[in-house]
Amino acid sequence: MPTGYVARDDPEKKVLEILEREKSVGIVSSQGIHGPGGVGKTYLAQAVAWKMRGKMEVVFVEVGTNPNMLSIMNSSFYPYLENGTKGNFTELEDVWIWLSKITKKKKVLIVLDDVWSEKTTIQILWQMREALSDGSQLLYTTRTKDLLLKVKATPYELGVVPEAERWDFFVNCAALNLEDEQVKANTEQIGKAIIENTDGLPIILDNYAQHLKQGTEGVSFQDLLNQIKDEVTGSEQWLERSFHALKPSTNFIDCDVLSLPKSNDLNRVQQLFLCLGVFKDDERFRSSVLETIYKLSDEINASEEDIKKIVHEDLNILANHSLIKFIHEQNGDLTYTMHDIVREYALKKGEQTFRYKESGRCFGHRL
Ligand SMILES: Nc1ncnc2c1ncn2[C@@H]1O[C@H](COP(=O)(O)OP(=O)(O)OP(=O)(O)O)[C@@H](O)[C@H]1O
Ligand SMILES: [Mg+2]
């Protein structure tokens, strides 16, 4: 199950129902969940995959943009069905022959998460479908319904959390114990404001819920209230507000992270946030890489130790805003992840602000 998953009964029931129905028919069936970024497609697919596990073999594959399918099949697909050993296919053709054989022996549900409507991807998905033996199933998640029509999958549109369910969803995300009078007094007002002023997009509700969970340690309730005092509709607006709310907590060194034109007037944490756009999709990133980017910038004369302090402190601020998630630390190197819509925002805004594509300075190419 995804971390902090809050069941959304209706969508879960509908997707499971279709899978069960198709399973009983016995042919290869495919369906897809579509909806905007941050609406909970991956979470839903993971929950559904989890529930189907006892009934058939389930393989969960993260596809993403421009996927290297051969590498995905060798490293994440094959090991699932062949006791953890990595595949060494050199041609997709051989993968399909193997897949056809193995699905004759066992029924498999293949979840293809985050598929984009690219010509080569669609071709490969067709080949995969053709290779499957009867009784196996495909479940896609994608932002575009168009892709589902192209691969002839039954579309299921996942929407935002309906108004009547928002409060419960939010309370569960924040794991609030409303029986406790103190918790109730502290959180009800702000919780209600959040519900009223957001449009029910799960990523936004969960983000604010995580703020609340952290209490006043990270971002103060007042700051949070200020951020959401006017309606927030959609992830773009939410990210824009979160971006404007970022500020460094101490100022032991006054520096620009990158050689920005002064008129940009971004503070240190905002600059660091925009740097995150250079990391590749769906990958973890490490604080040491950011430290290297800082060191490469000829505008910074701080010592290595100071750079490390700045990077750690500012990453912590981003984590307190739930824009990135801390994973682990190893020898002073911190590993984080971020959601793809957060990265996409950082990339888009970074390109507008830094023009790093054109300038080639510090990051002429994506890391
Ligand atoms: N059922 C849920 N319970 C708790 N949190 C959820 C749920 N669904 C979504 N979220 C929150 O919303 C975020 C986005 O969800 P998810 O990654 O599933 O979106 P998505 O629709 O797959 O987006 P994308 O199109 O960018 O891949 C999650 O990281 C989580 O914080
Ligand atoms: Mg997703």
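**View 1. Thr 121 and the residues it touches in the predicted model.** This close-up comes from a predicted model. Thr 121 touches Val 63, Pro 67, Val 115 and Trp 116, leaving aside residues up to four places away in sequence. Its side chain also makes a polar contact, at 2.9 Å, with the side chain of Glu 118. Is Thr 121 buried or exposed? Thr 121 counts as buried because its relative accessibility is 2%, and the cut-off for buried is under 20%.

**View 2. Helix α5, the helix that holds Thr 121.** Helix α5 covers residues 119–131. How far apart are its end C-alpha atoms? They are 19 Å apart. The 13 residues of α5 should span 18 Å at 1.5 Å a residue, so the two values agree. Several residues of α5 are buried, including Ile 122, Ile 124 and Leu 125. Met 128, Arg 129 and Ala 131 are also among the buried residues of this helix.

**View 3. Strand β2 beside strand β3.** Strand β2 covers residues 57–64. Of its 8 residues, 6 are buried, so β2 is largely enclosed by the rest of the structure. Which way do β2 and β3 run? The two strands run parallel, and 7 bridges join them. Strand β3 covers residues 108–115. One pair to look for is Val 61 with its bridge partner in β3, Leu 112. In a regular strand, side chains alternate between the two faces of the sheet.

**View 4. His 211 in helix α9.** Helix α9 covers residues 202–213 and includes His 211. His 211 has a relative accessible area of 2%, so it is buried. What lies 3.2 Å from a polar atom of the His 211 side chain? It is the backbone oxygen of Asn 320. Ser 322 is 111 residues from His 211 in sequence. In space, their C-alpha atoms are 6.8 Å apart.

**View 5. Ligand 1 and its surroundings.** How many residues surround ligand 1? There are 20, and the closest are Lys 41, Arg 143, Asp 206, His 339 and Asp 340. A polar side-chain atom of Asp 206 lies 2.5 Å from an oxygen atom of the ligand. For Lys 41, a side-chain N or O atom is 2.7 Å from a ligand oxygen atom. The backbone takes part too: a polar backbone atom of Ile 203 is 3.3 Å from an oxygen atom of ligand 1. Taken alone, ligand 1 exposes 630 Å², and the protein buries 94% of that.

How values were computed. Residues numbered from 1 in each chain as written. Chains lettered and ligands numbered in written order. Predicted model: local features only at pLDDT ≥ 70, side-chain atom pairs only at ≥ 80, totals over all residues. Heavy atoms only, no water. Helix = DSSP H or I, 4+ residues; strand = E, 2+ residues; numbered from the N terminus. Buried < 20%, exposed > 50% of the residue type's maximum accessible area, 1.4 Å probe, protein only. Polar contact = N/O pair within 3.5 Å; in protein donor to acceptor, adjacent residues only side chain to side chain. Contact = heavy atoms within 4.5 Å. Expected span 1.5 Å × (residues − 1). Pairing = 2+ DSSP bridges. Near = heavy atom within 4 Å. Areas by Shrake-Rupley, 256 points an atom, 1.4 Å probe, with all protein chains shown as cover.
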